Structures are given as C-alpha cells and as structure tokens.
Amino acid sequence: MKIKIICVGKLKEKYLKDGIAEYVKRMGRFTKCEIIELPDEKTPDQASPAENNNILAKEGDKILAKIGDRDYVIALAIEGKQSSSEDFANQMSKLTLAGSSTITFIIGGSLGLDARVKKRASHLMSFGLLTLPHQLMRLVLVEQIYRAFMIQQGSPYHK
C-alpha cells in the first residue's frame, strides 16, 4: 500500500516541515508516503463568491490531475465523517485487505475543496468542527496515519 497526500499551498514553517518529516520517516517501516504540494491560487481581499468559486475550480483541476484512476480518495472536509483513531485504523486496515494499493488524502487550500474533488472522493473525513490552518492539518494528518499503523501493530504508542 502507498499513502499519497495532496495538499494545496506551500509549507513554509520549519517546525511543521520537521514534524511532518519525522512522521513520514516513522511511517517508512509500514508504507511509502508521498506528499504532493500544489500551488494555491491567490485570493484577493474581499473576493466575490464568483472569484472564490473560480479559485476553487482552478485548485480542483490541479488536485484532480494528481489522483490516480484506482486511488481510494479520502478528502478532508468539515462536513465529513468524524471517527476515533481506532476507527480510522480499522478503516485503513480494511482498505488494505480490500486491495487498495494507493490511499490518497486531500487537504484543500484556505477556501476548502471544489465540489468536483469532494464528488471524486471515496470518503469525506473530518477532524472536527474546529477550523485548523491547512498547513497544520498536514502534521495532524500524518501523525494520525502513523498512529493508525501503530494501532494496527498493537503498539502502546496511541495511548
């Protein structure tokens, strides 16, 4: 199995880069993890709804171009399903047993995700009702993926 994380926006903060790199390294014993950074579209101050929709569509085009035809896609969206770390680990295990070779996670930009990306997703996932910066969400996501593998191994890491 391979994990692919498609993110909109460039990560600038060193502490986030270091944290993400650490979890990606730890995951290496379980799976290959690829992070694809896509440039975000510049959003003007006081952008109109039409301008925001245009930005989402452009970002959506970039995201959709990076998704493989056979990828199992999990899009992070506030309206998605919330689950515990244990439930997430079980879901990941079931995907592996079902033969999903690539699980692709998508983190949108500051405006969220285009409707076409959500429609392409196999699953919408939420980490709660709190709004988190999409850069920080990358770190939270890779930690939870690593935690899922540790839960599957019966490790006490997750407690």
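Strands here are DSSP runs of E with at least two residues, helices are runs of H or I with at least four, and both are numbered from the N terminus. Two strands pair if DSSP finds at least two bridges between them.

A quick word on what we are looking at. This is a predicted model, where local features need pLDDT of at least 70 and side-chain atom pairs count only at pLDDT 80 or more, while totals for chains, interfaces and linings use all residues. Residues are numbered from 1 along each chain as its sequence is written, and side-chain values use heavy atoms, with hydrogens and water left out.

Now look at β4. Strand β1 (residues 2-8) pairs with strand β4 (residues 102-107) in the parallel sense over 6 bridges, and Lys4 has Thr104 in β4 as its bridge partner. β4 also pairs with β3, again in the parallel sense, over 4 bridges. There you can find Tyr72 opposite Ile103 in β4. As for β3 itself, 7 of its 10 residues are buried, where buried means under 20% relative accessible area, exposed means over 50%, and partly exposed is in between, with a 1.4 Å probe and protein chains only.

Next, the pocket. Rolling a probe the size of a water molecule over the atoms shows where empty space is left. On a 1 Å grid over the protein atoms alone, a pocket is an open set of points where a 1.4 Å probe fits, with protein on both sides within 12 Å along at least five of seven lines; lining residues have an atom within 4 Å of a point. The largest pocket holds about 500 Å³ of space, a volume being the space filled by probe spheres set on the points.

What lines the largest pocket? There are 24 lining residues, and Leu76, Ala77, Ile78, Gly112 and Leu132 lie nearest its centre. Two or more lining residues come from each of β3 (72-81), α4 (115-120) and α5 (134-152), and β3 gives the most, with 4.

Finally, the rings. Rings of Phe, Tyr and Trp (its six-membered ring) pair if their centres lie within 6.5 Å; planes under 30 degrees apart count as stacked, over 60 as edge-to-face, and the rest as tilted. The whole structure has 4 aromatic pairs. Phe30 and Tyr146 make a tilted one, 6.5 Å centre to centre with 55 degrees between the planes. Why does this pair tie together parts that are apart in sequence? Because Phe30 lies in the loop between α1 (14-27) and β2 (32-38) and Tyr146 in helix α5, the pair ties together parts 116 residues apart. Phe30 is partly exposed at 23% relative accessible area, whereas Tyr146 is buried at 6%.

Phe30 also pairs with Phe149: their ring centres are 5.2 Å apart and their planes at 5 degrees, so this pair is stacked. Phe149 is buried as well, at 4% relative accessibility. Together, Tyr23, Phe30, Tyr146 and Phe149 form one aromatic cluster.
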